Amino acid sequence: MSTDDDCRFLDLAIEQARIGWEEGGIPIGAALVHEGEVLAVGRNRRVQLGSAIRHGETDCIENAGRLPAKVYRASTLYTTLSPCFMCAGTSVLYDIPRIVVGENRSFQASEEWLRSRGVVVDVLDDPTCLDLMATMMREKPDLWAEDIGEEA
């Protein structure tokens, strides 16, 4: 897949992150793409749904619904922020071979573990993703701490 395709699909994840922020949630979005076709998008909806586990990536995979293993194994997950271990584990469980990360300066936990499991992790260092997280951390630091399981 080309860099232009990666940017185009990351833009879908960014759109989801913006929607989540406008809804009062965490601005993290994701898109699942199989052979150039968008299977699903999702966003962190922990606040909106009162959920413990609806991060951007898990929401996206849930929105994709039940898929054959061969589809996951030929898909790419796009996410605006480097995945936590829960989201990384979900990706590994379904053998998603590649994750494109918008940015990993604000948060990074699982990239080395993903790579050790054979997952290709590409970080785009996207300025829009950085800005979204910087705004959220500045305006809602307690909510961010809750989202990553830390005390504020």
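Is Phe85 buried, partly exposed or exposed? Phe85 counts as partly exposed, because its relative accessibility is 47%, and the class runs between buried (under 20% relative accessible area) and exposed (over 50%), with a 1.4 Å probe and protein chains only. Trp113 is also partly exposed, at 31%.

A word on the basis. This is a predicted model, where local features need pLDDT of at least 70 and side-chain atom pairs count only at pLDDT 80 or more, while totals for chains, interfaces and linings use all residues. Residues are numbered from 1 along each chain as its sequence is written, and side-chain values use heavy atoms, with hydrogens and water left out.

Now the pairs. Rings of Phe, Tyr and Trp (its six-membered ring) pair if their centres lie within 6.5 Å; planes under 30 degrees apart are stacked, over 60 edge-to-face, and the rest tilted. That rule gives four aromatic pairs. One of them is Phe9 with Tyr78: the centres are 5.5 Å apart and the planes at 50 degrees, so this pair is tilted. Phe9 belongs to helix H1 (residues 3–22) and Tyr78 to strand E3 (residues 75–81), so the pair ties together parts 69 residues apart in sequence. Helices (H or I, at least four residues) and strands (E, at least two) are DSSP runs, numbered from the N terminus. Phe9 and Tyr78 are both buried.

Back to Phe85 and Trp113: with ring centres 6.2 Å apart and planes at 70 degrees, the pair is edge-to-face. Phe85 is in helix H5 (residues 85–93) and Trp113 in helix H6 (residues 111–116), 28 residues apart.
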